[in-house]
Amino acid sequence: MKRPMPVFLAFLILGIIWGSLSLTPIWFIGVSLFVFTLGLVFMLFFKIRLFIVLPCLFVLGFILSYNKTNDCSALCDGLAESRITLTFEGKITDTAAENIVIKADSFGSFGVSPKTVKIICYTEDAAAFGIGDSVSITGRLNKLNPKYNPSDFDEIQYYKCRGISYKMYDAKVKFISSNHNIFFFMSLLRNKAGSALDNMYSAENAGILRAMLLGDKAFLSDEIKLLYSSTGIYHILAISGLHISLIAAMLMCLFKKPAHSIIIITLLVSYAVFTGLSASVVRAVIMMSVFLAAKVLNRRYDIISSISFSAFLILIVNPMYLFDCGFLYSYSSVLGIALFAKPLSDAIKKIPVKNSEPKNSIAECVSAGFGAVAVSKLANMWFFYTVSVYDILLNLVVLPLINIVIFSGAASVLLYGLNTRLYIPFAAAAEFILNFYKISAEAVSALPLCTVTTGRPTLAFAFFYIVFIILLKLLLSYKKYIFLIAAAGALSVGIFIHTAEINKDRTAFLYVGQGDGVVGFAGGKTFVYDGGGINEDIDEKDEGTYTILPYLNYMGKTRVDYAFASHIDNDHLKGVCELIGNIEIGEIFLPAGNYSSDLYTFLKEKAAANNIPITYLSAGDSLEAGKNAVFNCLYPFENKAGETDDINDTSMVLKLGLGKSSFLFTGDIPSADEAEILKSGADISANVIKIPHHGSKYSSSKEFIAAVSPSLAVISCGKNNVYGFPNSQTTDTLAEFDIPCFVTGTDGAVIITPRNDSLRAETTLSQ
């Protein structure tokens with residue numbers, strides 16, 4: 001076989017995926033037999049004689065992934081669940097502005113962990129310690145947070161990828177001794193370089209150069225992150241092949257003999273350590289090392305094999321990188337360049353023009369940019385739920401100047417460190433180009449359809465998009481237009497399936513802490529019923545920003561047609577306030593009556609400023625919401641609205657009729673209101689009920705639950721909340737009527753999808 005390495009990598013990846021899914025033994029045996037058969041097929045058709053290697057790599061990937069996924073210590077889990085304060089000793093392996101990472105082998109009187117455990121400790125004294133220091137830590141151990149909502153940041157994946165299994169807040173750290181190693185001196189040097197950048201550049205550009213030169217993204221402003229990601233140039237903020245190639249080119253000018261390659265590789269590895277050993281840097285250093293080794297051995301360098309080899313090594317060391325954003329983004333970009341740069345460049349160069357010099361340069365930039373962007377779009381959709389429309393054009397402006405920025409920035413740091421003012425022209429050049437980048441990105445972001453919110457792609461779309469990329473490659477290789485037609489067809493089918501999936505009717509009861517937050521899609525319309533809220537400060541970002549909006553983006557929605565607020569308590573209303581001005585809203589609905597609170601006044605003023613109409617609903621009002629979807633307001637009654645001092649007493653109760661399915665949203669109504677609704681004779685029967693007041697014992701009377709007669713119940717409340725929600729009285733009532741109940745505090749988001757005459761319920765933590 002011409003390229004066995006990609007095949008080896010593929011079988012290792014299959015094993016890693018299976019290991020991460022924690023399959024049952026029967027499933028694992030079945031899949032292993034399938035992989036063994038697949039290996040045999042490769043042996044017969046592709047002449048891989050050692051076909052047994054392929055199933056072995058699958059098993060290896062499974063074992064590595066399974067062990068990494070389940071690497072938590074039983075002792076540490078017990079200490080975290082007990083919530084006791086403990087003191088232990090360990091060695092610092094990494095430092096940041098507000099935290100340190102500790103490698104701990106023992107936990108004092110509590111015993112010795114069966115495996116070394118890494119803990120990220122947040123402390124005010126982080127800057128006082130360095131890598132290699134032995135320290136004593138006092139605090140409470142915490143498990144990493146699972147994803148409670150589909151769109152939440154995956155803390156477990158992120159930290160497991162970095163070898164961290166637990167965390168600790170407000171840790172008290174005491175110095176014991178120093179054992180400084182190369183990582184300590186590299187971090188010290190990195191800190192000095194960062195301080196030099198802070199002194200030479202504006203705060204914004206210093207943050208950018210910290211990311212580009214030092215691999216430290218902690219100082220990037222939110223504005224720059226959003227601007228660069230939305231316009232498709234976020235990749236320049238990561239140290240990657242561009243940086244390594246530039247450094248290697250300069251080193252090869254100094255060390256010209258083939259035998260000097262070992263010196264170049266050593267210096268490149270040192271730079272990788274200096275920048276923190278991110279996946280993109282390690283990938284670039286491995287690939288450059290393979291290139292130099294091929295040069296020494298007088299062998300042909302194959303970029304596809306080199307990419308596969310580097311990924312193979314990284315995944316053997318830490319299989320969790322397979323699911324890491326930086327890893328996937330880096331590899332998809334370089335794979336795109338490998339697949340499309342040369343054939344597309346050759347095709348463009350054949351276009352007849354008088355002056356071939358500029359044409360050739362443009363051809364190389366366009367082909368490399370197209371390849372990187374086209375393949376990495378899938379990763380961008382998966383992690384950021386968007387695609388940039390003009391990213392290839394903007395990269396034509398950005399990429400030709402990136403080497404100047406890197407060289408000028410690095411030169412300015414070196415010259416500043418030598419205490420000479422010669423750094424000024426280099427710093428000025430880098431500052432000028434970075435300002436030019438920002439102006440260009442802002443101009444592009446102002447164009448119509450600059451960023452398209454796609455939502456997270458379905459697996460079917462991912463499959464057809466990969467087929468689309470393969471067919472484009474075949475088109476450039478064989479020049480057969482049938483491949484163009486097939487590529488367009490594959491992409492169209494993928495888009496059709498994805499669009500149909502995200503437009504399905506579904507209702508998501510999101511986890512918003514101790515509050516309510518529902519996002520639903522009914523009859524082609526998007527609605528929100530309450531948005532959660534924890535902080536009392538009106539201006540402080542809350543669940544609307546961190547949960548509701550990300551989920552809407554996750555589902556590819558850029559507009560909320562109807563925003564309902566059941567009542568004016570913060571844990572229901574604040575998230576709705578945050579949506580205003582951050583996403584298009586068709587209309588806001590509030591319960592009828594006169595209410596008074598700072599947040600309520602703020603919402604009305606903010607809605608008026610954004611030209612969003614507000615409608616006040618009372619019992620008897622209804623709203624047609626698209627095909628086969630209607631909202632009926634069952635409470636408050638018009639003659640009672642606003643007459644009580646208890647805000648919960650006038651919560652808006654809505655019934656959503658959706659074809660053969662129905663949902664009852666109840667706010668925080670107490671039992672007295674339930675009785676009034678029953679007395680009114682309103683039809684409150686529903687397939688799904690959002691249990692009132694987070695499962696309080698003062699709601700959910702037996703008469704009310706019996707009248708609703710739901711197939712499913714959902715209780716929205718915070719994990720380990722101080723109120724003891726849900727109350728056992730409420731759960732006992734549901735059990736008495738044999739009603740399955742989901743609790744967001746323990747199950748995470750509950751997503752219910754109507755299916756003909758039935759309902760499908762999924763919970764985030766059980767997926």
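What volume does the second largest pocket have? Point 2 gives the figure.

1. Some ground rules come before that. This is a predicted model, in which local features need pLDDT of at least 70 and side-chain atom pairs count only at pLDDT 80 or more, while totals for chains, interfaces and linings use all residues. Residues are numbered from 1 along each chain as its sequence is written, and side-chain values use heavy atoms, with hydrogens and water left out.

2. The second largest pocket has a volume of about 840 Å³. (On a 1 Å grid over the protein atoms alone, a pocket is an open set of points with protein on both sides within 12 Å along at least five of seven lines; a cavity is a set where a 1.4 Å probe fits but cannot get out; lining residues have an atom within 4 Å of a point. Grid points are joined across faces, edges and corners, and a volume is the space filled by probe spheres set on the points.) Among its 26 lining residues, Y271, F274, A410, V413 and L414 are the closest to the centre. Helix 15 (391–417) is one of the elements giving two or more residues, and helix 15 gives the most, nine. (Helices are DSSP runs of H or I, at least four residues, and strands runs of E, at least two, numbered from the N terminus.)

3. Now the largest nonpolar core, which has 54 residues. (Such a core is a set of buried Ala, Val, Leu, Ile, Met, Phe, Trp, Tyr and Cys residues joined through side-chain atoms within 4.5 Å; buried means under 20% relative accessible area, exposed over 50%, partly exposed in between, with a 1.4 Å probe and protein chains only.) Y228, L237, L268 and Y437 touch the most other members, and helix 16 gives the most residues to this core, eight. Apart from it lies another core, of 49 residues, with F11 and Y321 among them.

4. The structure holds one cavity of 30 Å³ or more. Its lining includes F564, D621 and C633, and strand 16 (629–635) supplies at least two lining residues.
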